[in-house]
Amino acid sequence: MGRKRAGSKKGKQPQPRRRRWLLPGILSISLLVGLAAWLLWPDQSPLADAPKYQGGPRLLVDRQEIDFGQVRFDTFVQARFRLKNVGDRALQIATGPRVEAVEGC
């Protein structure tokens, strides 16, 4: 009857206190540093330094063309343009066909 059970807690060293706030703290600090860098980092786009236009709306596009090189027929390609209104009035983009397909292009 004087036997000790293998799973008894007597004689064990107390476990060190768990640092449960360490990982959330590191993640929070990383998130704040990333957000501050994103907000304070200067925009490298040509749209950032665009001069203002007086006398109506004026659309500025960050690039004039995108060259995909040789693309096989029925291959999906995607391009993105950044647009900015540098005018002093509201810019309205008309609805209609987004892309016009020209035979032989």
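The following dialogue explains how to read several features of a predicted model.

Biologist: Which conventions apply to this predicted model?

Modeller: Residues are numbered from 1 along each chain as its sequence is written. Local features need pLDDT of at least 70 and side-chain atom pairs count only at pLDDT 80 or more, while totals for chains, interfaces and linings use all residues; side-chain values use heavy atoms, with hydrogens and water left out.

Biologist: What percentage of the residues count as buried?

Modeller: Buried means under 20% relative accessible area, exposed over 50%, and partly exposed in between, with a 1.4 Å probe and protein chains only. By that criterion, 7% of the 105 residues are buried. The protein exposes about 11,300 Å², of which carbon and sulfur atoms supply 56%; such areas come from the Shrake-Rupley method with a 1.4 Å probe, and for residues only the protein chains shown count as cover.

Biologist: How many salt bridges does a search of the whole structure find?

Modeller: Side chains of opposite charge can pair when their charged atoms come close. A salt bridge is a side-chain nitrogen of Lys or Arg within 4 Å of a carboxyl oxygen of Asp or Glu. The search finds one: arginine 63 pairs with aspartate 62, with 3.8 Å between the closest N and O atoms.

Biologist: Why does aspartate 62 count as buried?

Modeller: Aspartate 62 counts as buried because its relative accessibility is 18%. Arginine 63, at 39%, is partly exposed.

Biologist: Which residues form a nonpolar patch on the surface?

Modeller: Patches are made of residues with over 30% relative accessible area and no salt bridge; like charges are joined within 9 Å, and nonpolar side chains (Val, Leu, Ile, Met, Phe, Trp, Tyr) within 5 Å. In this model, Leu59, Phe81, Leu83, Leu91 and Ile93 form such a patch, and together they have about 470 Å² of accessible area. Phenylalanine 81 lies in the loop between E1 and E2 and is partly exposed at 40%.

Biologist: Where is glutamate 65 placed?

Modeller: Glutamate 65 lies in the loop between strand E1 (59-61) and strand E2 (83-85), and its relative accessible area of 64% makes it exposed. Glutamate 65 and phenylalanine 81 are 16 residues apart in sequence, with a C-alpha to C-alpha distance of 9.1 Å.

Biologist: What does the side chain of aspartate 67 reach?

Modeller: A polar contact is a pair of N or O atoms within 3.5 Å; within protein, one must be able to donate a hydrogen and the other to accept it, and residues adjacent in sequence count only if both atoms are side-chain atoms. The side chain of aspartate 67 reaches the backbone nitrogen of glycine 69 at 2.9 Å. Aspartate 67 is in the loop between E1 and E2 and is exposed at 65%.

How values were computed: Helix = DSSP H or I, 4+ residues; strand = E, 2+ residues; numbered from the N terminus.
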